[in-house]
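Work through the exercises below with the sequence and the model side by side, and try each task before reading its solution.

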Amino acid sequence: MKEISEKKVLVLNLDHSPVGVVNVHKGFVLTYLDKATLLVKYDYLQIRSIDHVFDYPAVIRLNHYKNIPYKGVLLNRNNLFKRDKYTCQYCGSEKDLTLDHVIPKSKGGKTSWKNLITACHRCNTIKGNKTPEEAGMPLVSFPFKPNLSYFLAEYAERHATEWIPFLAIKEV
């Protein structure tokens, strides 16, 4: 029963771009007040009152376009680990994780999505102040700048498969 109350609702703008995620209570209120339209409901779940039964929202679309300036996904340690699936991008280890600049800062490397990766302490020490090519350590996957849909899709795969058709995953 606890899992049901923890379900989240994907909120889309009028153009079907993801705006954010809200709890079921907020999603229901938005649809009930006609501020949003229910696009997809969670099967087998309902919201009941004494004399009414309502659909349990999974995806809603706002009825009026909201101009929300896109600020991008925040570059921080946790989001980098999520992007790299909590694995070292050199050896695949999941232990003693840290961050590594692909092109070292001493060689002009920037602190950016496209130059930071997750690395285990051992690989980071071995690589040292070299590029992966110089160290002979090829990357498992190349760093990229994720968008909001990327992280929402990761959540959807585990908790809300109803969202997946609405999340176009594109690398920016």
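**Exercise 1. Find what Leu 152 touches beyond its neighbours in sequence, and decide whether Leu 152 is buried or exposed.**

Contact here means heavy atoms within 4.5 Å. Leaving aside residues up to four places away in sequence, Leu 152 touches Leu 10, Pro 18, Val 21, Trp 163 and Leu 167. Leu 152 sits in helix H6, residues 148-159, where helices (H or I, at least four residues) and strands (E, at least two) are DSSP runs numbered from the N terminus. Its relative accessible area is 9%, so Leu 152 is buried, the classes being buried under 20%, exposed over 50% and partly exposed in between, with a 1.4 Å probe and protein chains only.

The model is predicted, so local features need pLDDT of at least 70 and side-chain atom pairs count only at pLDDT 80 or more, whereas totals for chains, interfaces and linings use all residues. Residues are numbered from 1 along each chain as its sequence is written, and side-chain values use heavy atoms, with hydrogens and water left out.

**Exercise 2. Describe the largest nonpolar core and say which element gives the largest share of it.**

A nonpolar core is a set of buried Ala, Val, Leu, Ile, Met, Phe, Trp, Tyr and Cys residues joined through side-chain atoms within 4.5 Å. The largest one has 20 residues, of which Leu 10, Tyr 42, Val 59, Ile 60, Trp 163 and Leu 167 touch the most other members. Two or more residues come from each of strand E1 (8-12), helix H2 (24-32), strand E3 (36-48), strand E4 (53-62) and H6. The largest share, five residues, is given by E4. Apart from this core lies another, of eleven residues, among them Phe 81, Ala 119, Cys 123 and Leu 139. As a general point, nonpolar side chains in soluble globular proteins tend to be buried together.
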